[in-house]
Amino acid sequence: SESFCNKNREPAHWCAMNGSAEHAIELALTAMAAGDHDFALTVCRRASEVILEPRLSAMIGECLEAKGSEVDAICCYRSALSLDTSLVGAPLPEAMIVKAHARINAIATKLGMTETWSQNATADASLDVSAIALRIRGGRIADAAGLYKGSEAYRDRTHPAFHVEVAKALREVVGEQATTLAQQALEVALAIGGTSSADKKVLAEAAHEMGDIAYEARKYDTSQEWYEKAIQQQVAAGGPGAMPLSRSGVANCEKDKGNLAGAIAEYRKALALAPQDPTFIFNLAQAYEYVQDYDSAIALLSDFTLELAKNQNRDMTTVNHFAVPLLFIKLVYAAGPAHHGKIQPLLEQIKSFPAVATQAVQALATHWAYYFFLSRLLASASLQPPAPGVPPLFMIGDSHVLSSAWAQVTFRGRPHTLTPKLITGLQAYHLRPGNKFLTVANAEECFKSLPEGTTEALWVVGEIDCRDGITGAVAKGKYASIEQGVEVAIAVYREAVKNFQERFGVTLYPVSVCPPTNPAYKDRIKATHLFNNALRAAYPNLLDMAAKATTKEGVLSPEYNCDGTHMNRRAVTLLQEELDRQLKNPDEKLPEIESLDEAEETRALVLDSWAIVAEDLEVYGVQFFLKLFEIAPQALKLFSFRYVDDLQNSPGLKKHGVMVLEVVGEVVAGINTIGNLAPKLVTLAVKHAEWNVVSEHFPVVGQALLATLEKGLGLRWTAKVRDAWVAVWGEVVGVMEPALRQAYVDKEEQEKREKVRLLVEESWGVVEQDLEATGVAFFLKIFEIAPAALQLFSFKDETPLEESAGLKLHATLVMRTVGTAVAGLKDIQSLVPTLVELAQRHSGWDVLPEHFPVVGEALLWAVGNALEERWVTEVKSAWEAVWGTIVSVMEPALREANLARMPEEDRVLVRVEESWALVAEANDLQDLGVKVFLKIFEI
């Protein structure tokens with residue numbers, strides 16, 4: 001059977017050519033007889049796409065029933081019985097009719113259905129919506145299109161409601177052909193229009209359906225525009241109508257565009273129009289979850305379930321009613337111990353669902369999976385509330401953060417509670433730059449919600465990439481291989497980690513990906529293996545739980561398996577072991593290598609192992625760089641030997657390799673007093689900043705170094721030796737990385753200063769063409785802002801002032817002094833004595849620090865007036881920066897000079913007043929008063 005199917009590729013193709021379903025039925029019956037219902041189901045469904053055949057519907061029902069999908073099976077049996085014989089090649093054989101009725105009754109009885117499901121439907125052969133719909137449900141879209149486009153309503157463009165009903169029938173069928181025809185029908189309805197209230201309601205319905213089509217195509221802006229039009233039509237019709245649903249559609253678009261605040265606002269509007277609608281309640285609660293507002297989500301769901309309980313849950317009539325408890329249990333578990341008392345009642349409620357409801361909600365795959373996972377997790381271990389006052393250790397990531405959630409671990413010598421920050425459905429690939437997917441917005445909210453002072457967290461991402469994302473992309477031809485898919489995902493992963501760490505000031509400890517549990521999933525196993533190996537290469541601080549939990553077949557060891565996807569509570573033990581391995585002591589004071597001081601054996605292992613490598617630094621230096629370029633090929637472009645074809649024999653590479661390993665040798669030699677090497681390491685870091693080396697290169701270099709040592713030492717490379725070398729590398733990074741970051745900060749500041757200098761010098765070249773005019777304008781502006789300042793000058797009584805020879809002379813001298821300051825910007829330190837002397841000289845003329853803002857305003861105005869159209873924002877900012885620098889030197893010098901001229905008693909008084917102002921600004925006086933009295937009582 002498989003050979004026959006593979007040979008023909010798509011059974012639907014040759015069924016269509018033959019105009020008969022016989023071959024497909026024969027093929028499916030062969031598979032069913034062999035017990036292969038999955039294969040039979042595929043054949044029947046493909047054939048049904050082009051052949052309207054009741055036997056295929058009945059056989060699909062039989063396959064679904066065998067697979068446990070009994071509700072779907074009933075629908076298929078009933079469809080087989082109700083197909084219009086005028087539309088099909090042959091009626092359902094008598095034996096299959098009897099069997100279909102028997103199976104419908106048996107399933108209905110089993111599931112407690114009260115409706116007579118065996119009642120046969122009568123087809124309406126007249127040319128109306130039902131006749132078209134019947135063909136649509138039978139998969140005969142072309143026939144349905146012919147009937148529709150041959151109708152009077154289509155030809156004459158009348159009866160918009162007819163076109164909307166046709167579109168809605170088409171929307172029940174999956175496929176591009178049906179969707180295209182539905183869109184055409186809606187466009188006809190919208191083009192017909194209408195002014196009556198009834199017409200506007202139809203137009204609103206059409207606009208909403210257009211919104212749904214665009215939403216399914218992920219055209220969220222277009223979809224939102226249609227939903228808004230639907231709302232406008234409903235308002236024009238004089239009633240809410242379907243407005244809550246369209247409002248919810250707007251919210252869905254906002255959510256999927258990553259605008260969670262907008263989505264919450266729209267869901268609230270929808271809920272206000274339909275306060276007990278389970279869909280809107282479900283969506284709003286989930287949106288609250290995305291922004292980490294668990295209290296609002298739980299309050300909303302609590303109120304809803306309370307209302308249902310008042311009527312003994314008799315109002316739970318839809319799948320969405322039953323879906324609410326599934327979401328509820330996830331939220332109360334993720335929200336924390338304060339809500340965990342709700343878990344057991346929710347578990348009992350879900351277990352008491354009617355069988356038909358349980359089967360229906362299982363179609364909500366994500367939410368059912370969460371319930372199944374949590375029910376298994378909680379059954380394996382009881383939740384213990386964390387001790388009061390224990391700080392959190394946040395775990396940010398996908399559903400795997402829940403395996404260890406709320407357990408207590410020791411981190412940096414202190415107990416911590418593992419606190420989840422859940423991002424449902426997150427893949428590393430979602431975090432690529434520019435993507436505004438929902439999970440990205442959810443991740444942003446998780447980081448924003450971290451309490452102030454959080455500096456470290458665990459990062460749990462990648463399992464969904466390996467399970468679905470990478471393997472699915474390879475299957476669709478997006479990537480040529482799993483290796484390529486992993487490479488792309490890891491690149492996005494690393495960039496995202498870097499981005500989050502820099503923006504939120506949090507060091508992330510990546511956690512390796514949990515492997516699959518089924519050895520038959522070869523592609524998933526391969527993707528997970530490659531992904532974890534890439535993490536091991538990139539992150540020396542990786543918490544590699546998967547290493548101990550993975551069997552030799554590459555699957556999760558049964559002792560750690562919870563639900564087939566996640567680890568059980570034994571994950572806590574693995575995590576603690578990894579934390580202990582990564583953080584040898586509570587403060588991680590690697591610069592002194594305290595653990596090595598206490599362990600002579602470990603120190604000896606480092607020295608002995610290095611002695612082996614030191615015998616041939618050139619060979620191992622080459623191996624180091626070759627490994628570095630293997631891990632990060634782009635790193636090669638940083639080196640002068642990047643264009644050499646035979647890298648292994650490159651003299652430049654050999655020389656550089658020896659230099660690098662000589663530095664490592666110096667670190668090893670000074671293993672007890674590594675601090676003495678700090679100046680050299682800092683200088684090395686600053687030099688590497690000139691070569692565009694960044695902090696993110698350290699993990700790659702560390703991995704290459706460890707791999708080189710492992711290869712060189714062979715069997716001598718034990719776990720203890722590895723841990724010791726990790727510590728050595730850690731202390732090198734501990735010195736060099738901050739120095740490297742500071743070098744870039746200094747470099748950036750220097751570039752900013754240089755840009756300011758060039759802008760000021762260039763603009764001053766224009767100003768100095770007429771220093772007298774600019775100087776006079778400068779002083780006149782001072783006297784305009786502060787008229788009293790004129791009294792400080794000898795020319796105060798000369799009129800007209802602007803023609804005063806004294807003013808012109810003084811103004812020119814001042815402008816020349818400004819020119820001296822501008823010329824000194826190349827070496828600001830050499831300018832300091834001149835500025836200090838200038839401040840001291842002005843002290844004798846009763847100039848005060850309070851005068852600086854006036855002078856600064858006047859100077860900038862005068863320069864701007866001289867430059868005219870050249871006085872742009874960039875130039876103004878440069879002058880403001882220079883004036884700020886001048887004031888920062890002159891103002892303190894002026895204060896000191898003014899104080900020196902005061903009598904002793906006045907000087908003491910000023911010192912006291914200034915110091916008290918600082919105290920009052922920096923302290924709460926009530927707290928300070930308490931401290932004073934406590935000190936009195938202590939004395």
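**Cavities, pockets and helix packing**

Trainee: By class, which residues make up the lining of the largest cavity?

Mentor: A cavity is a set of points on a 1 Å grid over the protein atoms alone where a 1.4 Å probe fits but cannot get out, and lining residues have an atom within 4 Å of a point. Ala, Val, Leu, Ile, Met, Phe, Trp, Tyr, Cys and Pro count as nonpolar, Asp, Glu, Lys and Arg as charged, and the others, including Gly, as polar. Here the lining has ten nonpolar, five polar and two charged residues.

Trainee: Which pLDDT is needed for local features?

Mentor: Residues are numbered from 1 along each chain as its sequence is written, and side-chain values use heavy atoms, with hydrogens and water left out. The model is predicted: totals for chains, interfaces and linings use all residues, side-chain atom pairs count only at pLDDT 80 or more, and local features need a pLDDT of at least 70.

Trainee: Which helix gives the most to the lining of the second largest pocket?

Mentor: This pocket (an open set of points with protein on both sides within 12 Å along at least five of seven lines) contains about 1,500 Å³ of space. Its lining has 50 residues, with Thr366, Thr424, Gly425, His430 and Phe437 nearest the centre. With eight residues, the one that gives the most is H24.

Trainee: How many charged residues does the lining of the second largest pocket have?

Mentor: Of the lining residues, 20 are nonpolar and 19 are polar. The charged residues number eleven.

Trainee: Is H24 roughly parallel or oblique to H25?

Mentor: The axes of H24 and H25 (lines fitted to C-alpha atoms over the stretch in contact, with angles from 0 to 180 degrees between N-to-C directions) come within 9 Å and cross at roughly 125 degrees. Angles under 35 degrees count as roughly parallel, over 145 as roughly antiparallel, 65 to 115 as roughly perpendicular and the rest as oblique. H24 is therefore, relative to H25, oblique.

Trainee: Which residues of H25 meet H24?

Mentor: Contact means heavy atoms within 4.5 Å. From H24, Asp465, Ile470 and Val474 take part. Their partners in H25 are Ile482, Gly485, Val486 and Ala489.

Trainee: Are H19 and H20 roughly parallel or roughly antiparallel?

Mentor: H19 (residues 319-335) and H20 (residues 343-351) have axes 10 Å apart and pack at an angle of about 160 degrees. The two helices are therefore roughly antiparallel.

Trainee: How many charged residues are in the contact of H19 with H20?

Mentor: Among the H19 residues that meet H20 are Leu326, Phe328 and Ile329, and the H20 side includes Leu346, Leu347 and Gln349. By class, the contact has ten nonpolar residues and one polar residue, while the number of charged residues is none: no charged residues.

Trainee: Leaving aside its neighbours within four places in sequence, which residues are in contact with Leu636?

Mentor: Leu636 lies in the loop between H31 (617-631) and H32 (651-669). Beyond neighbours within four places in sequence, the contacts of Leu636 are Phe629, Phe641, Arg642 and Leu647.

Note on methods: Helix = DSSP H or I, 4+ residues; strand = E, 2+ residues; numbered from the N terminus. Points joined across faces, edges and corners; volume = space filled by probe spheres on them.
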